[in-house]
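Here is a short report on a pocket, a helix and a core. Look over the structure before reading on.

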Amino acid sequence: MPIVDRVADLHPDIVGWRRDLHQHPELLYDVQRTAAFVADRLREFGCDQIVEGIGRTGVVGVVKGQLTSGLDAPSPIGLRADMDALPILEATGLPYASTVPGKMHACGHDGHTAMLLGAARYLAETRNFAGKAVLIFQPAEEEEAGAAAMVKDGLMERFSISEVFGMHNWPGMAIGTFGIRAGPMMAAYDALEINIEGRGGHASMPQDCIDPVLVGAQLITALQQIVARNVNPLEAAGVSITEFHAGTMPGVIPQSAVLRGSIRSLSSEVHQLIKTRLADIVAAASQMSGAKLELAFTGGSPVTFNHAEQTEFARRVARQVAGDANVSENRPVMGAEDFAYMLEARPGAYILCGNGDSAGLHHPAYDFNDDAILYGTSYWIKLVETKLAP
């Protein structure tokens, strides 16, 4: 079965929603306009239940099929889209570019939200399935774990969700293609911060100081030995220091410095190894230099782990939409995704949908490709109609 014919009819509307969202990006949990937009559309479509404020600003819509109670009714399934944008100044020059300086949809969450809204409209029109489809619109995917907040707020239990599915566009993959794999799909991620408290003073008298810049420079180099010499070369891992803040004048050795960065891995064992070695190296640097060092992990997410049964099902559905040759077994991605928290709460699968030859994710020139809407929306529809076949 190729793309759903009705989705082609709805395409202009879905594009219009997507571009409206693109013009009005919002960050993290502060997605009030976006959440209201989503809730208003769900009401227009005639969804049976709409609940706002789950996980602070998340929205859930429920569409009931032909059989919703009794022993023969299938368990509800959840479909998730993310709503938040990024603190990036847009550089696309498009007619529908962001109207909010310093904020843009640089990861395609506008497209994800619009595609799930398109599926909601179709499912509410046709109801060619049994049970309930639970449509999850999540805030704060980029940071601060909006998925975890929704799960903690009782998402799975409140809507009796038995399985959960997610999707993300992927630049460099052709339009009309999908990628999925069982097991680790995306990496575990933790942000880290190292505060270095030295002893400031005049740059002409370094003997009276404990230079936090020197300590930080040595740390940056030392931390690279974790992946190079402590992690098995057959495992995937990364340690990156991406910020170094210190000093205000050329003639002053500063009192303190701050390093920030991230760690990534594809297994909990490797992730714990990295954390342990980080702590060891920071402690050793403190002892060697005399500076006071504090290491903190400031947020992240576990491995996005696709469950085998649900992955095989999602692969079959994607093949219905795109054809066998256009659904690939992709390699794990070292980017992180807080959908991992939903996959820890319920079995499910996360799939990539081709965005064509676009700028990369989180790039100022990135834009979601509206041609992908036909395939992503059709995937959501066929997933519901196949999993919840009457």
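How much space lies in the largest pocket? About 610 Å³. This is a predicted model: local features need pLDDT of at least 70, side-chain atom pairs count only at pLDDT 80 or more, and totals for chains, interfaces and linings use all residues. Residues are numbered from 1 along each chain as its sequence is written, and side-chain values use heavy atoms, without hydrogens or water.

The pocket lining has 27 residues. Nearest the centre lie Glu141, Glu142, Glu143, Ala336 and His362. A pocket here is an open set of points on a 1 Å grid over the protein atoms alone, where a 1.4 Å probe fits, with protein on both sides within 12 Å along at least five of seven lines; lining residues have an atom within 4 Å of a point. Strand E13 gives the most to the lining, with 4 residues.

Elements are DSSP runs, helices (H or I) of at least four residues and strands (E) of at least two, numbered from the N terminus. Buried means under 20% relative accessible area, exposed over 50% (1.4 Å probe, protein chains only).

| Side of H8 | Residues |
|---|---|
| Buried | Val270, His271, Ile274, Leu278, Ile281, Val282, Ala285 |
| Exposed | Ser268, Glu269, Gln287 |

Just after H8, Gly290 takes a positive phi of about 85 degrees.

How values were computed
Grid points are joined across faces, edges and corners, and a volume is the space filled by probe spheres set on the points.
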